[in-house]
Amino acid sequence: MGGVGALLRPVAWKLNQRRDISSWLAKWFPKAPAKSVVALKTPIKVELVAGKTYRWCVCGRSKKQPFCDGSHFFQRTGLSPLKFKAQETRMVALCTCKATQKPPYCDGTHRSERVQKAEVGSPL
(Lines give C-alpha, C1' and ligand atoms only; values in the text may rest on other atoms or scores of the structure.)
Protein backbone atom coordinates (compact mmCIF):
# COMPACT_ATOMS: atom_id res chain seq x y z
CA MET A 1 0.00 0.00 0.00
CA GLY A 2 2.72 2.52 0.96
CA GLY A 3 5.30 1.28 -1.53
CA VAL A 4 8.81 2.68 -1.83
CA GLY A 5 7.72 6.27 -1.06
CA ALA A 6 6.50 5.26 2.39
CA LEU A 7 9.88 3.77 3.20
CA LEU A 8 11.74 6.91 2.13
CA ARG A 9 9.70 9.41 4.11
CA PRO A 10 10.88 8.34 7.58
CA VAL A 11 14.51 8.38 6.42
CA ALA A 12 14.16 11.90 4.99
CA TRP A 13 12.44 13.02 8.17
CA LYS A 14 15.31 11.65 10.29
CA LEU A 15 17.87 13.49 8.16
CA ASN A 16 15.98 16.76 8.59
CA GLN A 17 15.65 16.10 12.30
CA ARG A 18 19.43 15.67 12.60
CA ARG A 19 19.97 18.96 10.80
CA ASP A 20 17.62 20.67 13.27
CA ILE A 21 19.49 19.19 16.22
CA SER A 22 22.79 20.23 14.68
CA SER A 23 21.66 23.85 14.31
CA TRP A 24 20.33 23.79 17.87
CA LEU A 25 23.69 22.57 19.16
CA ALA A 26 25.54 25.22 17.14
CA LYS A 27 23.34 27.87 18.77
CA TRP A 28 24.26 26.70 22.28
CA PHE A 29 27.84 25.60 21.57
CA PRO A 30 29.40 27.98 19.02
CA LYS A 31 32.50 26.78 17.15
CA ALA A 32 34.34 30.05 17.78
CA PRO A 33 34.20 31.01 21.46
CA ALA A 34 33.38 34.56 22.47
CA LYS A 35 36.09 36.74 23.95
CA SER A 36 36.34 37.12 27.70
CA VAL A 37 35.11 40.44 29.03
CA VAL A 38 36.56 42.58 31.80
CA ALA A 39 34.54 41.79 34.92
CA LEU A 40 36.43 44.23 37.18
CA LYS A 41 39.66 46.20 36.94
CA THR A 42 41.08 44.96 40.24
CA PRO A 43 41.62 41.42 41.55
CA ILE A 44 39.50 39.88 44.29
CA LYS A 45 41.23 38.48 47.37
CA VAL A 46 39.78 35.17 48.55
CA GLU A 47 40.82 32.45 50.95
CA LEU A 48 41.22 29.14 49.18
CA VAL A 49 40.82 26.00 51.30
CA ALA A 50 43.30 23.16 50.81
CA GLY A 51 41.85 20.26 48.82
CA LYS A 52 38.75 22.16 47.69
CA THR A 53 38.00 22.43 43.97
CA TYR A 54 37.04 25.80 42.51
CA ARG A 55 35.71 26.95 39.13
CA TRP A 56 37.23 30.31 38.12
CA CYS A 57 35.14 32.37 35.69
CA VAL A 58 36.93 32.62 32.33
CA CYS A 59 34.25 34.53 30.41
CA GLY A 60 33.95 37.51 32.81
CA ARG A 61 30.15 37.40 32.76
CA SER A 62 29.56 35.66 36.12
CA LYS A 63 27.71 37.59 38.81
CA LYS A 64 29.73 35.63 41.43
CA GLN A 65 33.19 36.89 40.45
CA PRO A 66 35.81 35.53 40.50
CA PHE A 67 33.95 32.21 40.43
CA CYS A 68 31.68 30.75 37.77
CA ASP A 69 27.89 30.90 38.06
CA GLY A 70 27.12 29.29 34.67
CA SER A 71 26.71 32.56 32.74
CA HIS A 72 29.12 31.29 30.05
CA PHE A 73 26.59 28.59 29.17
CA PHE A 74 23.40 30.63 29.27
CA GLN A 75 24.96 33.47 27.29
CA ARG A 76 26.32 30.95 24.76
CA THR A 77 29.95 32.09 24.94
CA GLY A 78 31.54 28.75 24.05
CA LEU A 79 33.90 29.28 27.01
CA SER A 80 34.26 27.05 30.07
CA PRO A 81 35.39 27.84 33.61
CA LEU A 82 38.90 26.92 34.76
CA LYS A 83 38.61 24.17 37.34
CA PHE A 84 41.43 24.05 39.88
CA LYS A 85 42.16 22.51 43.27
CA ALA A 86 43.77 24.51 46.08
CA GLN A 87 47.00 22.92 47.25
CA GLU A 88 47.02 24.77 50.58
CA THR A 89 44.76 27.04 52.60
CA ARG A 90 45.82 30.63 51.92
CA MET A 91 44.71 34.08 50.79
CA VAL A 92 45.20 34.72 47.06
CA ALA A 93 44.32 37.44 44.57
CA LEU A 94 42.21 36.02 41.73
CA CYS A 95 42.06 37.85 38.42
CA THR A 96 38.85 39.59 37.36
CA CYS A 97 40.15 41.47 34.31
CA LYS A 98 40.53 38.06 32.59
CA ALA A 99 43.81 39.13 30.94
CA THR A 100 46.23 37.44 33.36
CA GLN A 101 48.95 35.20 31.96
CA LYS A 102 48.72 33.02 35.09
CA PRO A 103 45.03 32.13 35.40
CA PRO A 104 43.28 32.09 37.80
CA TYR A 105 45.79 34.18 39.74
CA CYS A 106 46.33 37.90 39.29
CA ASP A 107 49.67 38.80 37.69
CA GLY A 108 49.16 42.58 37.72
CA THR A 109 47.88 42.84 34.13
CA HIS A 110 44.90 44.86 35.42
CA ARG A 111 47.29 47.79 35.93
CA SER A 112 48.07 47.97 32.20
CA GLU A 113 46.78 50.89 30.17
CA ARG A 114 44.88 48.50 27.92
CA VAL A 115 42.81 47.12 30.82
CA GLN A 116 42.36 50.46 32.57
CA LYS A 117 41.01 52.06 29.37
CA ALA A 118 38.61 49.18 28.71
CA GLU A 119 35.02 49.40 29.90
CA VAL A 120 33.81 46.86 32.42
CA GLY A 121 31.77 44.28 30.50
CA SER A 122 33.67 44.77 27.23
CA PRO A 123 36.27 42.46 25.69
CA LEU A 124 39.91 43.48 25.55
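Modeller: Glu 113 counts as exposed, at 55% relative accessibility. Here buried means under 20% relative accessible area, exposed means over 50%, and partly exposed is in between, using a 1.4 Å probe and protein chains only. Please keep in mind that this is a predicted model, in which local features need pLDDT of at least 70 and side-chain atom pairs count only at pLDDT 80 or more, while totals for chains, interfaces and linings use all residues. Residues are numbered from 1 along each chain as its sequence is written, and side-chain values use heavy atoms, with hydrogens and water left out.

The partner of Glu 113 is Lys 117: their side chains meet in a salt bridge, 2.9 Å from N to O. The term stands for a side-chain nitrogen of Lys or Arg within 4 Å of a carboxyl oxygen of Asp or Glu. Both residues belong to helix α3 and sit four residues apart, about one turn of the helix. Lys 117 is exposed too, with 63% relative accessibility.

By this rule there are two salt bridges. The other pair is Glu 88 with Arg 90, whose closest N and O atoms are 3.8 Å apart. In this pair Glu 88 is partly exposed at 46%, and Arg 90 is partly exposed at 40%.

Let's step back from α3 into the loop that links β4 (90–94) to α3 (113–117). Pro 104 lies there, and the peptide bond from Pro 103 to Pro 104 is cis, with omega near 5°. Lys 98 has its place in that loop as well. Lys 98 is not a glycine, yet its phi is positive, about 70°. Most residues other than glycine have a negative phi, and most peptide bonds are trans. With a relative accessible area of 12%, Lys 98 is buried.

Pro 66 lies in the loop between β2 (53–56) and α2. Helix α2 covers residues 71–74 and holds His 72, which counts as buried at 14%. Leaving out residues up to four places away in sequence, His 72 touches Arg 55, Cys 59, Thr 77, Gly 78, Leu 79, Ser 80 and Pro 81; a contact means heavy atoms within 4.5 Å.

Now for the whole protein. From the N terminus on, its elements run α-β-β-α-β-β-α, which gives three helices and four strands. These are DSSP runs numbered from the N terminus, with helices (H or I) of at least four residues and strands (E) of at least two. Of the 124 residues, 30% are buried. Among contacts with a separation of 6 or more, 63% come from residues 24 or more positions apart.

Residues 41–75 are 11% helix and 26% strand, with end C-alpha atoms 22 Å apart. Residues 79–116 are 11% helix and 24% strand, with end C-alpha atoms 23 Å apart.
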